[in-house]
Amino acid sequence: MSKNKKIPLGVVYSTNPDFDYAFENDGEVTTLEPNKQNLKVQLDKKARAGKQVTLISGFVGSNDDLEILSKKLKNLCGCGGSAKDGEILIQGDFREKILTFLITAAYKAKKVGG
């Protein structure tokens, strides 16, 4: 399914000629400035077969901006990862390195958990 296709909510068919379908709100999310982001950096190993990942959550913005930040962090750490739903996963324990990078890039970030 293409990204630009609108999906009607809840109605399959209507006999009313004046009926107007209600569509999902696909409005583009505006990305907050780095100093207004509340990012949380934590170590996570739930449902990952015991492997550790650094989880950065709380990003508010478009998926394109999330991907850009994810790519910068993956290059910084020299490892793989993924980004979706406002979260970035970086393979391995890179909490300190990522936290230092985010703070120097003017993001409001803090370490969560042990």
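Predicted model: local features only at pLDDT ≥ 70, side-chain atom pairs only at ≥ 80, totals over all residues.

Student: Which strands does helix α2 touch?

Tutor: Helix α2 (residues 95–104) packs on the sheet and touches β1, β2, β4 and β5. Its direction makes about 170 degrees with that of β1.

Student: In what order do the strands of the sheet lie?

Tutor: A sheet is read from strand to strand. Here five strands form an open sheet in the order β3-β4-β2-β1-β5, with mixed pairing. The edge strands, β3 and β5 (108–111), each pair on one side only. From one strand to the next, the twist averages 15 degrees.

Student: How many bridges join β3 to β4?

Tutor: Strands β3 (residues 81–84) and β4 (residues 87–91) run antiparallel and are joined by four bridges. Lys-84 stands opposite Glu-87 in β4. The two strands form a hairpin with two residues between them. In the turn, Asp-85 has a positive phi of about 55 degrees.

Student: Why does Gln-37 count as buried?

Tutor: A residue is called buried when its relative accessible area is under 20%. Gln-37 counts as buried because its relative accessibility is 1%. Gln-37 is placed in the segment before β1 (38–44), and its side chain reaches the backbone oxygen of Leu-32 at 3.2 Å. Beyond its neighbours within four places in sequence, Gln-37 is in contact with several residues, including Phe-59, Val-60 and Tyr-107.

Methods. Residues numbered from 1 in each chain as written. Heavy atoms only, no water. Buried < 20%, exposed > 50% of the residue type's maximum accessible area, 1.4 Å probe, protein only. Polar contact = N/O pair within 3.5 Å; in protein donor to acceptor, adjacent residues only side chain to side chain. Contact = heavy atoms within 4.5 Å. Pairing = 2+ DSSP bridges. Axes fitted to C-alpha atoms, helices over the stretch in contact; angles between N-to-C directions.
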